[in-house]
Structure formats: C-alpha cells, structure tokens
Amino acid sequence: MTKIPGETAYTAIYRVVRRIPAGRVATYGAVAAGAGLPGQARLVGYALHRCPQGQRIPWQRVVNARGMISRLPDPDAAAGQRVLLESEGIEFDARGAIDLARFGWHDAETR
DNA sequence: CAAGTGACGATGC
DNA sequence: AGCATCGCCACTT
C-alpha cells in the first residue's frame, strides 16, 4: 500500500474499502491491515462512521470479525444493508452472520 | 492542552 | 458461552 505523506488514515481506509469487490465482505481488522493500520480496527469503524457519501464508500461490505453488521441503532438501516449484501450474492446464516470463510475478502495485492 | 468517545478486537473471568 | 475490561488511534468538546 503506497503510503502517501499528508494522507490521513481515513483516506487510506476509504481507498481499501472502495477496493472491496461486490459479493465480498471485509472485516474491520482486515481493512485496517490493508490500509497499513494493523490492529486499528476502531479507526476503520470511526472512518466509516462519518460515512463520506461524496466518495460513495461501500461501507456495507465492511463487517466485524464475526461477519455481522455492526452499528445499526436503526433496524431499518440494518435490514437495508443486509438486503443490499444479499443482492450482491452474499449469504447470511440463521444468526444473520456472513460466512467469512467463503465471502471474506482478502486483498490479493496488499499494496 | 486534557479528557472523553467510538461501525472493533482480543483477552480475562 | 456470555459479559466486562483493556488496548489501539484519531477526532471532538
């Protein structure tokens, strides 16, 4: 991952999230690692929390380590995210979790 | 400038 | 197995 001086961790995170292909999901930790911030999963969540719509970040493809959707004080938003992911081909189990072993995305280049 | 907070994760109990 | 706590870092008040 090319480290650009002056770039905040946020931008790096957004870039990684944007690289997540449809039909795949990445965990906060994986995104953090890909962004050059190993162990800083919180920063990823924080960055996505701001939800920069101007960059159209597919934040819905980022889930926690259990493959479940976090945040969601809004049950409506949760359902929307789930449906959106399902429409991309992602399958949820009875617990509402995603099988990371099959849908978990791992950066092949880790640039 | 100091303290609090947060879409998480790992560990302890 | 489920809950409580600490750690990590950036941003807000």
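Modeller: Around DNA strand C lie Y10, Q40, R42, L43 and Y46, where a residue is near a strand if one of its heavy atoms lies within 4 Å of it. Of the atoms of DNA strand C that come within 4 Å of the protein, 65% belong to sugar and phosphate. The model is a predicted one, in which local features need pLDDT of at least 70 and side-chain atom pairs count only at pLDDT 80 or more, while totals for chains, interfaces and linings use all residues. Residues are numbered from 1 along each chain as its sequence is written, chains are lettered from A and ligands numbered from 1 in the order in which they are written, and side-chain values use heavy atoms, with hydrogens and water left out.

Two side chains on this surface can be described in detail. A polar side-chain atom of Q40 is 2.9 Å from a sugar or linking oxygen of DNA strand C. In R42, a side-chain N or O atom lies 2.5 Å from a base oxygen of DNA strand C. Both are polar contacts, defined as a pair of N or O atoms within 3.5 Å; within protein, one atom must be able to donate a hydrogen and the other to accept it, and residues adjacent in sequence count only if both atoms are side-chain atoms. By class, the surface near DNA strand C has 3 nonpolar, 1 polar and 1 charged residues. Here Ala, Val, Leu, Ile, Met, Phe, Trp, Tyr, Cys and Pro count as nonpolar, Asp, Glu, Lys and Arg as charged, and the others, Gly among them, as polar. Helix α3 gives the most to this surface, with 3 residues; helices (H or I, at least four residues) and strands (E, at least two) are DSSP runs, numbered from the N terminus.

DNA strand B is surrounded by 14 residues, the closest being R42, L48, W59, A65 and R71. Sugar and phosphate make up 44% of the atoms of DNA strand B that come within 4 Å of the protein. Helix α3 (41-50) and helix α2 (28-34) each supply at least two residues of the surface near DNA strand B, and α3 gives the most, with 6 residues. The residues of that surface comprise 7 nonpolar, 5 polar and 2 charged. A backbone N or O atom of L48 is 3.0 Å from a base nitrogen of DNA strand B.

The axes of α1 and α3 come within 10 Å and cross at roughly 80°; axes are lines fitted to C-alpha atoms, for helices over the stretch in contact, and angles run from 0 to 180 degrees between N-to-C directions. The two helices, α1 and α3, are therefore roughly perpendicular to each other, a term for angles of 65 to 115 degrees. Y10, I13, Y14 and V17 of α1 meet L43, V44, Y46, A47, L48 and R50 of α3, contact meaning heavy atoms within 4.5 Å. These residues divide into 9 nonpolar, no polar and 1 charged.

Within helix α1 (residues 9-18), Y10, A12, I13, Y14, V16 and V17 are buried, that is, under 20% relative accessible area, with exposed being over 50% and partly exposed in between (1.4 Å probe, protein chains only). The buried residues of α1 pack against α2, α3 and β2 (62-63). T27, in strand β1 (residues 26-27), is buried as well, with a relative accessible area of 19%. Not counting residues up to four places away in sequence, T27 touches V62, V63, N64, A65 and L100.

The loop between α3 and β2 holds C51 and R56. Most residues other than glycine have a negative phi. Phi of C51, however, is near 45°, and R56 has a positive phi of about 55°. At 27% relative accessibility C51 counts as partly exposed, whereas R56, at 71%, counts as exposed.

For the chain as a whole, chain A has 5 helices and 2 strands, running α-β-α-α-β-α-α from the N terminus on. Buried residues make up 37% of its 111 residues.

Definitions and conventions:
Angles under 35 degrees count as roughly parallel, over 145 as roughly antiparallel, 65 to 115 as roughly perpendicular and the rest as oblique.
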